[in-house]
Amino acid sequence: MQILDSSRVVAATGHPGFLACERRTAPELARLADGLEHPVGDDAPVEVLRGRRHEHERASPPSSPRRGARLVLLRHGATTAPAGVYLGSRLDPPLSALGEEQARAAGALLAGRRFGVVLVSPLLRARRTAELAVPGARAAGEPRLRELDMGEFSGLAWAQIKARDREAARAWRAGQAAPGGEPAMVLWQRCAAAALDAVGRLGPGEDALLVAHSG
């Protein structure tokens, strides 16, 4: 699986900003999805985000001896929201002009791939990124890919969150839900389930594209 952050694509040079990944098999990802059953092979190559960012590197293809289904995750481009604020699923600003340029540049990197399934978060910033990156694709909205519900922290910067409630901020960083929001584990479970469903729908030689968020 390749994870491409369109907000880190440098359009002038074509260099993408990929997120470092850890290789996982489909059953491991299924366990993350809380034991849900999914029609995928036991050794289908899947990788999940570890969280380190590497600028200006191209992702290396999996070292699998066979061509398995590939899952490509594309993060939306930059939005018109102020820098540094947490949007979550409650706020839905559009892409900025830069964000639209980033989405088109990401599309150039995806050209030539055969996507049998394209799933998109229902939020505007993800939908517009998909429209620009893979124009003409038969994309389907997938509510499970929406961003984390950040509750009362939606629209705030980290400094504002700490000033409002330092204990709640610390707990949130540790994976607990923001006041009125959802815990990170719920996000991981629903996104993992959506990813496995996408892979399970692929035909021979097809890849899956998920257009969503960084959290």
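The pLDDT is the predictor's confidence in each residue, expressed from 0 to 100. Where pLDDT is low, the predicted coordinates should not be read in detail. For the protein chain as a whole, the mean pLDDT is 79, with 68% of the residues reaching 70 or more; the lowest confidence is found in strand S3 (residues 45-54), where the mean is 34, and the highest in helix H3 (residues 124-133), at 98.

Helix H3 packs against helix H2 (residues 97-110) at an angle of about 45°, the two axes being 7 Å apart, and H2 and H3 are therefore oblique to each other. The crossing in which H2 passes H3 is right-handed. On the side of H2, the contact is made by Glu 100, Ala 103, Arg 104 and Gly 107, and on the side of H3 by Arg 128, Thr 129, Leu 132 and Ala 133. Of the residues in this contact between H2 and H3, three are nonpolar, two polar and three charged.

Three aromatic pairs are held by the structure. In one of them, the ring centres of Tyr 86 and Trp 172 lie 5.0 Å apart with the ring planes at 80°, so the pair is edge-to-face. Because Tyr 86 lies in the loop between strand S4 (71-75) and H2, whereas Trp 172 belongs to helix H5 (residues 166-173), the pair ties together parts that are 86 residues apart in sequence.

Notes. Residues are numbered from 1 along each chain as its sequence is written. This is a predicted model: local features need pLDDT of at least 70, side-chain atom pairs count only at pLDDT 80 or more; totals for chains, interfaces and linings use all residues. Side-chain values use heavy atoms; hydrogens and water are left out. Helices (H or I, at least four residues) and strands (E, at least two) are DSSP runs, numbered from the N terminus. Axes are lines fitted to C-alpha atoms, for helices over the stretch in contact, and angles run from 0 to 180 degrees between N-to-C directions. Angles under 35 degrees count as roughly parallel, over 145 as roughly antiparallel, 65 to 115 as roughly perpendicular and the rest as oblique. A crossing is left-handed if the near helix is turned anticlockwise from the far one by less than a right angle, and right-handed if clockwise. Contact means heavy atoms within 4.5 Å. Ala, Val, Leu, Ile, Met, Phe, Trp, Tyr, Cys and Pro count as nonpolar, Asp, Glu, Lys and Arg as charged, and the others, Gly among them, as polar. Rings of Phe, Tyr and Trp (its six-membered ring) pair if their centres lie within 6.5 Å; planes under 30 degrees apart count as stacked, over 60 as edge-to-face and the rest as tilted.
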